[in-house]
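Subject: Handing over the structure

Hi there,

Here is the structure I promised to pass on to you. Please open it next to this email and follow along as you read.

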Amino acid sequence: MTRTIAVVGAGVAGIGVADTCRDEAAEVTLFDKARGISGRAATRRKNGCRYDHGANYIKPGGDDWVEGLLDELGNDGLADIELPVWTHDADGEIAEGRAGDGPKWTYTRGITQFAKRVRKRAGVSVHTETRIESIARTSGGEWTLTDTDGETYGPFDELVLTPPAPQTADLLAAMDWDDERLRRLHTAVDAVEFRTIRSVLLHYPFELDRPWYALVNPDREHPVGWLSREECKPDHVPDGESLLVAQMAPDWSVEHYDEPLDAAGDAVASLVAALLDDDRLTEPDWVDDQGWRYALPDSNIDAEEARCAEDVGLYVAGDWVAGEGRVHRAFENGRTVGERITGEE
Ligand SMILES: Cc1cc2nc3c(=O)[nH]c(=O)nc-3n(C[C@H](O)[C@H](O)[C@H](O)COP(=O)(O)OP(=O)(O)OC[C@H]3O[C@@H](n4cnc5c(N)ncnc54)[C@H](O)[C@@H]3O)c2cc1C
């Protein structure tokens with residue numbers, strides 16, 4: 001009989017679960033509250049520009065497996081950002097850094113292409129704009145999911161939760177299942193900390209000539225945590241224009257999280273103009289933003305506790321389970337969980 005698997009979250013971890021189950025006698029259904037798939041590896045289009053406003057690029061894994069996977073998915077439109085990442089410190093001093101950082105991959109059509117291509121080869125169905133609100137365990141030991149419109153899905157044999165830890169903790173807290181394993185899992189998930197990042201996009205109708213693709217602030221003392229030039233990615237920004245992606249430091253982001261975009265854009269443009277010592281940058285011709293309340297994990301879940309309910313078909317996956325806020329690590333973690341479900345591991 002075909003086993004049924006529900007995956008909450010169609011970010012790269014959820015897509016990774018589906019990828020491993022594609023040749024198995026398993027039917028995977030993904031649910032995501034967003035309009036599209038790919039989660040925090042996100043791309044947006046506006047005013048003729050295309051930009052990755054969450055994850056900037058995909059890094060190589062340890063032993064070339066990422067490169068091999070990208071090859072399998074097709075190299076058309078795959079782009080390696082050639083210019084390097086430099087650093088800036090608390091005083092705004094810019095320095096060359098991160099020598100030998102390796103390839104930085106995205107796609108001409110945006111980083112979401114990665115999840116889209118994996119989804120296509122997995123042939124998996126995704127319920128988008130479907131926010132799962134509650135989960136119950138049936139007397140027969142299966143899982144049912146109910147969304148915010150009151151629609152119920154299932155029953156499913158296995159359930160994988162992939163939202164960032166605080167959102168997964170909320171789902172576990174609301175779960176209708178009286179069991180010690182649920183309490184243990186909830187406690188472990190609830191202990192994982194995430195940091196907040198507000199990304200602010202600044203567009204200019206002129207080119208910027210710099211020897212770097214991005215600046216990162218390793219001492220974490222500058223309000224601009226990361227600043228990158230989206231025009232360094234082929235086909236993202238028309239010639240003669242610049243689009244800066246400023247990922248603001250966690251303290252700044254929490255303090256300014258709900259500030260209207262006009263005011264936040266002015267504040268970020270002033271900080272960026274000072275950092276790059278270029279007064280023109282105080283006046284972008286348009287701005288955009290994205291608040292990532294749960295941007296990156298600051299701690300990981302205890303590995304043993306993460307697996308304490310797997311014997312009854314309840315799994316967790318994601319960057320916070322993998323131990324690093326990286327696209328390839330989240331995807332790899334989803335695949336590992338998928339392999340445990342299908343018995344390949
Ligand atoms: C600003 C920023 C910059 C980054 N830069 C990089 C980078 O350059 N390189 C890199 O490798 N990584 C980077 N990362 C990290 C990378 O984006 C993540 O590690 C990775 O995308 C996590 O994937 P995931 O599937 O674990 O989680 P997510 O992508 O968060 O996926 C979880 C999904 O669950 C959905 N969801 C949540 N709750 C519910 C619910 N109740 N019902 C239904 N769906 C739900 C969400 O909509 C989401 O799609 C960055 C992240 C951010 C935010």
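First, the ground rules. This is a predicted model, in which local features need pLDDT of at least 70 and side-chain atom pairs count only at pLDDT 80 or more, while totals for chains, interfaces and linings use all residues. Residues are numbered from 1 along each chain as its sequence is written, and side-chain values use heavy atoms, with hydrogens and water left out.

**The ligand**

There are 33 residues around the ligand, and Asp-32, Arg-40, Tyr-57, Asp-319 and Val-327 come nearest (a residue is near a molecule if one of its heavy atoms lies within 4 Å of it). By type, this shell divides into 15 nonpolar, twelve polar and six charged residues. Here Ala, Val, Leu, Ile, Met, Phe, Trp, Tyr, Cys and Pro count as nonpolar, Asp, Glu, Lys and Arg as charged, and the others, Gly among them, as polar.

A polar backbone atom of Val-12 lies 3.2 Å from an oxygen atom of the ligand, and one of Asn-56 lies 3.0 Å from a ligand oxygen. For Lys-33, a polar backbone atom is 3.1 Å from a nitrogen atom of the ligand. Taken alone the ligand exposes 1000 Å², and the protein buries 96% of that (accessible areas come from the Shrake-Rupley method with a 1.4 Å probe; for residues, only the protein chains shown count as cover). The elements that give two or more residues to the shell are α1, β18 (286-297) and α10, and β18 gives the most, with three. Helices (H or I, at least four residues) and strands (E, at least two) are DSSP runs, numbered from the N terminus.

**Helix α1**

Is helix α1, residues 12-20, mostly covered or mostly open? It is mostly covered, as nine of its nine residues are buried (buried means under 20% relative accessible area, exposed over 50%, partly exposed in between, with a 1.4 Å probe and protein chains only). Among them are Val-12, Ile-15, Val-17 and Asp-19. The buried residues of α1 pack against β1 (3-8), β2 (26-31), α3 (112-122), β13 (158-161) and α10 (327-342).

**Asn-56**

Asn-56 is buried, with a relative accessible area of 11%. Leaving out residues up to four places away in sequence, Asn-56 touches Ile-81, Thr-106, Ile-111, Tyr-213, Trp-226, Ser-228, Lys-233 and Gln-247 (contact means heavy atoms within 4.5 Å). With Gln-247 there is also a polar contact between the two side chains, at 3.2 Å. A polar contact is a pair of N or O atoms within 3.5 Å; within protein, one must be able to donate a hydrogen and the other to accept it, and residues adjacent in sequence count only if both atoms are side-chain atoms.

β10 (132-137) runs antiparallel to β11, joined by five bridges (two strands pair if DSSP finds at least two bridges between them). Ser-134 has Thr-146 as its bridge partner.

**The open sheet**

Seven strands form an open sheet of mixed pairing, in the order β7-β6-β15-β16-β17-β14-β18. Its edge strands are β7 (94-95) and β18, each pairing on one side only. Within the sheet, β15 (214-216) and β16 (224-229) pair in the antiparallel sense over three bridges, and Val-216 has Trp-226 as its bridge partner.

**Glu-207**

Last stop: Glu-207, in the loop between β14 (194-204) and β15. At 53% relative accessibility, Glu-207 counts as exposed. Its side chain reaches the backbone nitrogen of Gly-240 at 3.0 Å.

Enjoy exploring!
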